[in-house]
Amino acid sequence: PEDSYEELEGVNGKELFDELSYKVSTDINGIKYSQIKEILEFADKDLTDRSKVLGIYNNELYRANWGSKSQWHREHVWPKSHLGNNPKFDLHNLRAAEVDTNSKRGNDPFGEGSGEWKSSGGKFYPGDEHVGDVARIVLYIHVKYNLSLAPVGNLSMFLKWHEQDPVNDFERSRNGKIES
């Protein structure tokens, strides 16, 4: 909830990092791999058409049909291969994604761009409508697990993306559902 962060107004630097790290240090080990599909179908539901799942990177909606070639898979926004010994299934890091887009992204770091998603020169641009979502997910993982941003991008780009694409109702709803 937004109001739980009001007390951090004016807090900066290492103190802010430490406070945020404490706030997001929740135990996710109780979630079974088999539950992830069901949780993402619930958390990533389109707010206007509850029969569909909203994917990241390409704004396409998918019927809640896990793993079909024409449907969606789970995307690790912070690639699983760059998580080290940290949990691979933190729900805040997982999003529904179109199968082909997810494959084209691979483990590439994020890079600058504009317009729709694109993969070019070993970098992946998530698309104008998703840069903020990606930035907030990446910064969450960075803070929670104290990981270097280098394998996924850089701080100035993610902060810029956060400003360019503000939090929306979908993200608020998704975050609340995952927290609960």
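Leaving aside neighbours within four places in sequence, Thr-101 contacts Tyr-57, Asn-58, Trp-117 and Phe-124 in this predicted model. Thr-101 belongs to helix H3, which covers residues 99–105. With a relative accessible area of 2%, Thr-101 is buried.

**Aromatic residues**

One aromatic cluster is formed by Tyr-57, Phe-110, Trp-117, Phe-124, Tyr-125, Phe-158 and Trp-161. The count of aromatic pairs comes to seven. Among them are the two tabulated here.

| Pair | Arrangement | Centre to centre | Angle between planes |
|---|---|---|---|
| Phe-110 and Trp-161 | edge-to-face | 6.3 Å | 80° |
| Trp-117 and Phe-124 | stacked | 5.6 Å | 20° |

Phe-110 lies in the loop between H3 and strand S5 (118–120), and Trp-161 lies in helix H5 (residues 155–164), so their pair ties together parts that are 51 residues apart in sequence. Both Phe-110 and Trp-161 are buried.

**Helix H6**

Helix H6 spans residues 169–179, and its residues Phe-170, Glu-171, Arg-174, Lys-177 and Ile-178 are buried. Viewed down the axis of H6, these buried residues fall within an arc of 130°, so they line one face of the helix. An α-helix has 3.6 residues a turn, so residues three or four places apart point the same way. At the start of H6, a side-chain oxygen of Asn-168 comes to within 3.1 Å of the backbone nitrogen of Phe-170. Lys-177, one of the buried residues of H6, lies over the face of Phe-42, at 5.1 Å from the ring centre.

Methods: Residues are numbered from 1 along each chain as its sequence is written. This is a predicted model: local features need pLDDT of at least 70, side-chain atom pairs count only at pLDDT 80 or more; totals for chains, interfaces and linings use all residues. Side-chain values use heavy atoms; hydrogens and water are left out. Buried means under 20% relative accessible area, exposed over 50%, partly exposed in between (1.4 Å probe, protein chains only). Helices (H or I, at least four residues) and strands (E, at least two) are DSSP runs, numbered from the N terminus. The arc is that of the directions from the helix axis to the C-beta atoms. A polar contact is a pair of N or O atoms within 3.5 Å; within protein, one must be able to donate a hydrogen and the other to accept it, and residues adjacent in sequence count only if both atoms are side-chain atoms. Contact means heavy atoms within 4.5 Å. Rings of Phe, Tyr and Trp (its six-membered ring) pair if their centres lie within 6.5 Å; planes under 30 degrees apart count as stacked, over 60 as edge-to-face and the rest as tilted. A charge sits over a ring if NZ of Lys or CZ of Arg is within 6 Å of the ring centre and within 35 degrees of the ring normal.
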